[in-house]
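Visitor: Please show me the model. I would like to ask about the labels used for it.

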Amino acid sequence: MKQDAGADAVLAKGWLRAHQWLFARRAVQFSVLALFLAGPWFGYWIIKGNLNFSLTLGVLPLADPYVLLQSLLAGHHRPERNVLIGAAIILTAYFLIGGRAYCAWVCPVNVVTDAAHWLRTRLGVRGGARLSPAARFWILAMTLALALITGTIAWELVNPVSLLHRGIIFGIGAGWIVIAAVFLLDLFVAERAWCGHLCPVGAFYSVVGRFSPLRVSAVRRAQCNDCADCYAICPEPLVIKPALKGADHGIGPVILSPQCTNCGRCIDVCSKDVFPFATRFSNRGELWVPGQRPATHSAEAPSQLS
């Protein structure tokens, strides 16, 4: 793990530009939390509820489609109209912006796991358990099977995302044990263990965003100097290589993997400005450094490199 990832970007672009998407994410995360806290803490009920279901200004319903799916499998009574509308709104929004944008821009546990990763890097913790990224999909399947078998949304009793959000608003009690366990897991057991390998919420939203139009693109990949800062900072580094290094294999520059969280950190830390946000439909477009020969590629080419 590189302790100085992004240092070249700070020198090339300035400290603020080298952290702009990180600041934007934190602003969104804390703003969402502040809107929920305004009611129970200060008496200004802009949003009532929590991330599972909320009503904004008494008009706009928003509902977690993952929780709704568990509820339906558990055989609960027919969902209210507002719940269905709220889930449809969330599904549409995360389809458009990339399903796992939820993980980077809204989920409160992201702040916990990012802190663990930062500390792990500073302490020089290396190695650890090898976890399969596919594990989160098995856990997702088990949470849905659990709802079907037990007739309850049992996963939500221990879901770190739900526990942390409800706990900050209403008091978490023993739930802090679960949050501390996630922090220690990422710090000492395996790098990016929870969000990158185990969390079923992230797995669910990756399915939602499988064909999302908003993507990150290595559109200036000819300028890459192989510093590897983007790999060091990315919560899902395996998604970068096909887009960044796939020109000779006919692979376009757009990161198409649904595991990408659209966090924008690769954009921040790249001193060569290789990455911007783009759309999946721009996968044939590429900007090249003068004097360098562009490689041919096709939007229909395979999306993975061995």
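The talk below sets values against cut-offs.

Guide: This is a predicted model, where local features need pLDDT of at least 70, side-chain atom pairs count only at pLDDT 80 or more, and totals for chains, interfaces and linings use all residues. Residues are numbered from 1 along each chain as its sequence is written, and side-chain values use heavy atoms, without hydrogens and water.

Visitor: Why are helix 8 and helix 9 called oblique to each other?

Guide: The axes of helix 8 (residues 160–170) and helix 9 (residues 175–189) cross at roughly 125° and come within 9 Å. Angles under 35 degrees count as roughly parallel, over 145 as roughly antiparallel, 65 to 115 as roughly perpendicular and the rest as oblique. Helix 8 and helix 9 are therefore oblique.

Visitor: Which residues make the contact?

Guide: P160, L163 and L164 of helix 8 meet G175, W176, V178, I179 and V182 of helix 9. Contact means heavy atoms within 4.5 Å.

Visitor: Why is R25 called buried?

Guide: Buried means under 20% relative accessible area, exposed over 50%, partly exposed in between (1.4 Å probe, protein chains only). R25 has 3%, so R25 is buried. R25 lies in helix 2 (residues 20–42).

Visitor: What makes W21 partly exposed?

Guide: W21 has 27% relative accessibility, so W21 counts as partly exposed. W105 has 15%, so W105 counts as buried.

Visitor: What makes W21 and W105 an edge-to-face pair?

Guide: Rings of Phe, Tyr and Trp (its six-membered ring) pair if their centres lie within 6.5 Å; planes under 30 degrees apart count as stacked, over 60 as edge-to-face and the rest as tilted. For W21 and W105, the values are 6.2 Å centre to centre and 75° between the planes: edge-to-face.

How values were computed. Axes fitted to C-alpha atoms, helices over the stretch in contact; angles between N-to-C directions. Helix = DSSP H or I, 4+ residues; strand = E, 2+ residues; numbered from the N terminus.
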